Amino acid sequence: MTLKKWLLVLALLTPGLGLIVALIGVAVYIAIAQSFGFYNLSGESGFSLEFWDRMLDRKVFNRAVAYSIYVGVISSFLSVLFAYPLAIWLRKPFPGSLAIGAMLKAPLLVHGLVAAFLFINVIAYHGVLNQLMQGLGLWDEPQRLQNDRNAIGVLLLQTWKNMPFALLLLTGAVQSISDDVLNAARDLGAGSFARFRKVIVPLTVSAMQAALIIIFIGALADFSFQVIAGPTNRQSLSQLMVFFKSSGRWNDAAVVGVSLMIIAIVGSGLLAALTRFTMRGRVA
Amino acid sequence: MTAARLNQVLLCLLLGLTAIWLIVPFTMAVLWSLVDPSEPWTADRLLPPVMSFYRWVDMWLNSSLQTALVNSYVLAPSAALAALLLSMPTAYALGRIRFPGREVCKILALLPLIVPPFVTSIFFTSLLYQLGLHSWRFGAILFAHAIVFMPYAIRIMTVSFEQVRTDHIDAARDLGASAWARWQVAYLPALKPGIFASLLIVFIQSIEEFAIAFIVGSPDFTTIPTLLYGTLGQDFVRPNAAVLSLILVVPNVVLMLILERLLKSANPALSSGKG
């Protein structure tokens, strides 16, 4: 390539890719710098490990880390777990399969806040679920289900919202496996579980990894589900970061933000390694 | 049990489940939005005792709904247009010029989708404070939306540019078409579905975006999601939240269905009239 052509490519990339890299790069840079005491909006700026030091000792921070990882990991596994059988079931079209696919993917179109509202409506103290359980005689009196301590509400919401996304990725991957491969496995005596374990999973492992990682990052950084439906005695990392920011403690918010990014990167790497490891020797 | 029979059973089971996970919640939202304040909807009644559009009218007249609607519906098309215009040169380079590092650039363009939205928005706000631009809320949100959602436009437009047929461009050039005329006859027809799809997807994303609008816009710039978040928080009034939820979700479902059609029709062979 000539210099002239390089300059042309650079000029073309600047308004699009250039702005993206600049904005995200600057945001990440400021987060890292503020976590080490630079760019202080009030008081003196200068390198300091004080903010990290103090944050790592805070109970609320450590609980938020554990809690966000818990929500991220469980949501991504649950979403993939439900999506796999559905994707295999919908591999071959049959009457009604299109309608089912559309209905299953509908939550993708529903805003997270709306989903959270619909959910707390159903599980409210006087909501339909409580009425139904009382009507069936299973519960004597209404139960308080909102903001439960184990964040089951948040996990349900995350799975409701993210399962369709995993389904979308896995359906594409499962559909691209040819009948010949599955028939060959069947002829060699593989039962349906063996076909799933030894043929389908290895051939769809990249889609599964992508789904696990993307859902993990999204759920790890969750704010709205947690604020509306999550337990009131603990906070997610995003919630904690917003809390620090709104009380003007930018450096503390930065420490939480950088931790969130580090956990997202390390967690994604571990998830990818884990799926590869369990598939060891079976992925071509 | 035969496979067909099994499918039928599974189908019925799943339709039932879907009814529970879609129809019940949405019906509840519609019913709650129709509860008339003259008589509350208590747990012992299946349907609200008195139904009216009072909440809808009340929200329209006495809340910041109108401002939020104007803000959201001015912001989203502007962000869509800005994202499309900014993405075009990059998409052209990625789609039509072979250069080393092209694949890396394609991955870099996805950066905004990987960085958690609250990290982007909080430290973008921090940047605005450093620059003294924090009172410039509409412009700041528009700028951030255009860039954060540009990956979608770049992805779609790159594919569209890849699909422009070189023989069309060459034919137009051989027939003496100027650069503008070549753009019109060879590029535009193949790019059109991609352009519409990009505009629509950024529009939908921007209407729904919460983190940036909430962090950069607070306290005085409201969009529909930030208003909904407000009604779900401290002053939670269930019927009002129901009204807002429906206002947020219904247009988007319609737009998404249009988008799906557009993406299906994004076939250059059809749009350029050649098989």
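In chain A, 73% of the contacts with a separation of 6 or more join residues 24 or more positions apart, a contact being two residues whose C-beta atoms, placed from the backbone, lie within 7 Å. The model is predicted, so local features need pLDDT of at least 70 and side-chain atom pairs count only at pLDDT 80 or more, while totals for chains, interfaces and linings use all residues. Residues are numbered from 1 along each chain as its sequence is written, and chains are lettered from A and ligands numbered from 1 in the order in which they are written.

The secondary structure of chain A comes to 13 helices and zero strands, where helices (H or I, at least four residues) and strands (E, at least two) are DSSP runs numbered from the N terminus. The C-alpha trace of chain A spans about 75 × 70 × 35 Å along its principal axes. Of the 284 residues in chain A, 39% are buried; a residue is buried if 20 or more other C-beta atoms lie within 10 Å of its own, exposed if 12 or fewer, and partly exposed in between.

Two helix pairs, one in each chain, are set out below. Their axes are lines fitted to C-alpha atoms over the stretch in contact, and angles run from 0 to 180 degrees between N-to-C directions.

| Helix pair | Angle | Axes apart |
|---|---|---|
| H5(A) (residues 112–123) and H7(A) (residues 152–175) | about 130° | 11 Å |
| H3(B) (residues 65–96) and H8(B) (residues 150–163) | about 45° | 8 Å |

The angle makes H5(A) oblique to H7(A), and H3(B) and H8(B) are likewise oblique to each other; angles under 35 degrees count as roughly parallel, over 145 as roughly antiparallel, 65 to 115 as roughly perpendicular and the rest as oblique. H5(A) passes H7(A) in a right-handed crossing, that is, with the near helix turned clockwise from the far one by less than a right angle. At this contact, residues including A:Phe119 and A:Ile123 in H5(A) meet residues of H7(A), among them A:Leu157 and A:Trp160. By class, the contact of H5(A) with H7(A) has six nonpolar, two polar and one charged residues, where Ala, Val, Leu, Ile, Met, Phe, Trp, Tyr, Cys and Pro count as nonpolar, Asp, Glu, Lys and Arg as charged, and the others, Gly among them, as polar.

In chain B, H3(B) also passes H8(B) in a right-handed crossing. Residues of H3(B), including B:Leu84 and B:Tyr92, meet residues of H8(B) such as B:Ile154 and B:Phe161, and the residues of this contact divide into 12 nonpolar, four polar and two charged.

Between the chains, the contact takes 57 residues from chain B and 54 residues from chain A. The largest share of the side of chain B that touches chain A, 13 residues, comes from H1(B), and the residues of that side divide into 47 nonpolar, nine polar and one charged.

Elsewhere in chain B, B:Asp174 lies in helix H9 (residues 166–174), and with 9 C-beta neighbours inside 10 Å B:Asp174 counts as exposed. B:Asp174 and B:Leu133 are 41 residues apart in sequence and 51 Å apart in space, C-alpha to C-alpha.

As to confidence, the model scores ipTM 0.83 and pTM 0.85. The mean pLDDT of chain B is 86, and 95% of its residues reach 70 or more, pLDDT being the predictor's confidence in each residue, from 0 to 100. Among the elements of chain B, H3(B) has the highest mean pLDDT (95) and helix H14 (residues 268–271) the lowest (43).
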